Amino acid sequence: MAKKQFKAESKRLLEMMINSIYSQREVFLRELISNASDAIDKIYYKALTDNRYQFDKDSYYIKVLADKENRTLTISDTGIGMTKEELETNLGTIAKSGSLAFKKETEIKDGHDIIGQFGVGFYAAFMVADVVTVISKALGNEEAYKWESKGADGYTIETVDKDTVGTDIILKIKESTEDESYDEFLEEYRLKSIIKKYSDFIRYPIKMDITTSKLKEGSESEYEQVTEEQVINSMVPIWRKNKSELTDEDYEKFYNEKHYGFDKPLKHIHISVDGTIRYNAILYIPESIPFDYYSKEYEKGLELYSNGVLIMNKCADLLPDYFSFVKGLVDSEDLSLNISREMLQQDRQLKLIAKNINKKIKSELQSMLKNEREKYEKFYDSFGRQLKFGVYSDYGSNKDTLQDLLLFYSSKEKKLVTLDEYVSRMPEDQKYIYYATGDSVERIDKLPQTELVADKGYEILYFTEDIDEFAIKMLMKYKEKEFKSVSSSDLGFEPNESDKATEEEQNENKELFEYMKNALAGKVTDVRISKRLKTHPVCLSTDGEISIEMEKILNAMPDNQNIKADKVLEINVHHEVFQSLKAAFEQDKTKLDLYTHLLYNQALLIEGLPIQDPVEFTNDICKIMV
Ligand code: ADP
Ligand code: MG
């Protein structure tokens, strides 16, 4: 059977393509500049293998020229140009990429920087122009040609005069309508910013005539408009430079130029990988928290470049949430882009890069922690919370990655310590990692619950942030040591003589405690003799998984489900108050009720919990005064 060719409504196809590939019109300039850069690159590659040609870098450039009066925007290059045939095949055939063919023909080992591959970018010009005129003279040819098209209706070609080798693309910018303005594409500042955004690292100079007001020569007050040719792009991507050529200042300057932050970066990480997937990356760990960091508005992500051309402003897939503070960029020549070059065709390469980057960030933080402790503490002050969120979220799946990056304030050291430091100096008889929760270090210092643990000589970690205890609950253990709150009813000490005494005392006063428990029904689940108090008369502890701190946090959340910790009122039997309780139990139950409530409310105050009825509490105090 004879095979038939598909037919395409090329007019419609072109129209569809022009208006549906790109999400933003401004990328037309990125496409035309990329083509110009490719055209210059082609001379460069030719000169490498053909000694009829020399490549003298200074004579190659791209120029962008706006003419408001005539509504034209011209993009000129001194590149390889196109013959008549090339104009027909490359610009007259949709999806025909002369650049891709060139890449395949010339086998240059070093890897190509040529950007073009899909053969559609050129048509982006029709997003902003009614008429596109291309005047081109090919390298080694005498004649020049003019190609002209109004888009879907086709094109014309004729001979024309042009002195120099290269190509001029002249766009007749569309008239603005009520809904759409195209005037911006004739504005100097706008064009400049588009070039900066997408084409800053094109390796050849992109020039524009920039007009500024300058003081007239010899005058002190008279200004004149001066037009000067300026190079707009930075050209050399710093990430392609050798690390040894770059100073800290270079990296800091780049950080500021890129507007990654207003601060100075705490650390930069420069990665060059030449493996199965090749990429360069410059990453920064900022010093201070961006103002919107802990808000919903904050968007994480790295800039993604393909061959020096910006593809994505914030590629979120490159960073895990727990490292969302990292700023910077990745440039890879091995990404398979989709046709609009705004998205990736497949994410296997991206995943691979993300995985490597993630490892690298972690190891850099670890080495900062080890070698530059002060710096790390600064970092931790800004972003430690994010790491703890990282331990907690995703059901703890990242806890192994993050646990060694955590720091907590230590009762012993009076500064931040790592879990490893804590565990490595635990006395042999200590079975648990102890922690205490509270609003601040000062407050925890005064918690009666810490007394006994501290008395044993055990170090206590202070949890002052909401997330701390949740993160630790997710961690469960560190180096086989479980975490234990100093407020949990069982501190996990080996039973000893004094415990026995306590038990006896508990039995002897069973009825007293039972009475107090009933008086506080609904408020506490038990009243017991405390094993942990030394000087304070009372405190609260908890049975079960939910601590008092967690109760506070959970109930402050918008969808609070009124979760309650099982609170235990602990009484210090060595305190004189206990004798008063005993006496009241024998002689005066109203007094016992009064004392019980007073003690309970005191315990609440110590915990930083609200007293249900403060007026009643103050009245109760007055009662014992008179
Ligand atoms: P791509 O750049 O992906 O190949 P384009 O549609 O942007 O696709 O361009 C099509 C082809 O036209 C290019 O591959 C190149 O051969 C040719 N071309 C476009 N612009 C120029 C230029 N300024 N100089 C020389 N050739 C060009
Ligand atoms: Mg192109």
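Tyr294 counts as partly exposed, at 33% relative accessibility (buried is under 20% relative accessible area, exposed over 50%, partly exposed in between, with a 1.4 Å probe and protein chains only). This tyrosine sits in the loop between β10 (278–286) and β11 (302–306), where helices (H or I, at least four residues) and strands (E, at least two) are DSSP runs numbered from the N terminus. Please keep in mind that this is a predicted model, in which local features need pLDDT of at least 70 and side-chain atom pairs count only at pLDDT 80 or more, while totals for chains, interfaces and linings use all residues. Residues are numbered from 1 along each chain as its sequence is written, chains are lettered from A and ligands numbered from 1 in the order in which they are written, and side-chain values use heavy atoms, leaving out hydrogens and water.

**Around Tyr294**

- Together with Ile289 and Phe389, Tyr294 makes a nonpolar surface patch of about 240 Å².
- Patches are made of residues with over 30% relative accessible area and no salt bridge; like charges are joined within 9 Å, and nonpolar side chains (Val, Leu, Ile, Met, Phe, Trp, Tyr) within 5 Å.
- Accessible areas come from the Shrake-Rupley method with a 1.4 Å probe, and for residues only the protein chains shown count as cover.
- Tyr294 also belongs to one aromatic cluster with Tyr293, Tyr298, Tyr322, Phe323, Phe325, Tyr376, Phe379, Tyr380 and Phe383.

**Aromatic pairs**

- The structure holds 36 aromatic pairs (rings of Phe, Tyr and Trp, the last by its six-membered ring, with centres within 6.5 Å; planes under 30 degrees apart count as stacked, over 60 as edge-to-face and the rest as tilted).
- One of them is the tilted pair of Tyr376 and Phe379, with 5.2 Å centre to centre and 55° between the planes.
- Both Tyr376 and Phe379 lie in helix α8 (residues 373–392), three residues apart, about one turn of the helix, and both are buried.
- Tyr434 and Tyr458 form a stacked pair, 5.8 Å centre to centre with 10° between the planes.
- That pair links distant parts of the chain, 24 residues apart: Tyr434 is in strand β16 (residues 433–437), and Tyr458 is in the loop between α12 (450–455) and β17 (460–463).
- Tyr434 is buried at a relative accessible area of 1%, and Tyr458 is buried at 5%.

**A lysine over rings**

- The charged end of Lys589 sits over the ring of Phe585, 4.7 Å from its centre (NZ of Lys or CZ of Arg within 6 Å of the ring centre and within 35 degrees of the ring normal).
- The charged end of Lys589 also sits over the ring of Tyr515, 5.7 Å from that ring's centre.

**Salt bridges**

- There are 43 salt bridges in the structure (a side-chain nitrogen of Lys or Arg within 4 Å of a carboxyl oxygen of Asp or Glu).
- Glu26 and Lys197 meet through their side chains in a salt bridge of 3.0 Å, N to O.
- Glu26 lies in the loop between α1 (10–20) and α2 (27–49) and Lys197 in helix α5 (residues 188–199), so this pair ties together parts that are 171 residues apart in sequence.
- Glu26 is buried at 8% relative accessibility, whereas Lys197 is partly exposed at 30%.
- Glu26 and Lys197 are linked with Glu184 and Arg190 in a network of salt bridges.
- Arg278 forms a salt bridge with Glu333, with the closest N and O atoms 3.9 Å apart.
- Since Arg278 is in strand β10 and Glu333 in the loop between β13 (327–332) and α7 (348–371), the pair ties together parts that are 55 residues apart in sequence.
- Arg278 is partly exposed at 31% relative accessible area, and Glu333 is partly exposed at 33%.

**Cysteines**

- A search of the whole structure finds zero disulfides (pairs of cysteine sulfur atoms within 2.5 Å).
- Cys315 counts as buried at 2% relative accessibility, and Cys539 counts as buried at 1%.

**Positive phi and a loop contact**

- Most residues other than glycine have a negative phi.
- His259 has a positive phi of about 60° although it is not a glycine.
- His259 is found in the loop between α6 (248–257) and β9 (265–274), and this residue is exposed, with a relative accessible area of 67%.
- Lys414, also not a glycine, has a positive phi near 55°.
- Lys414 lies in the loop between β14 (408–410) and β15 (416–417) and is partly exposed at 47%.
- Ser411 is found in the loop between β14 and β15 and counts as buried at 16% relative accessibility.
- Ser411 and Leu461 are 50 residues apart in sequence and 6.3 Å apart in space, C-alpha to C-alpha.
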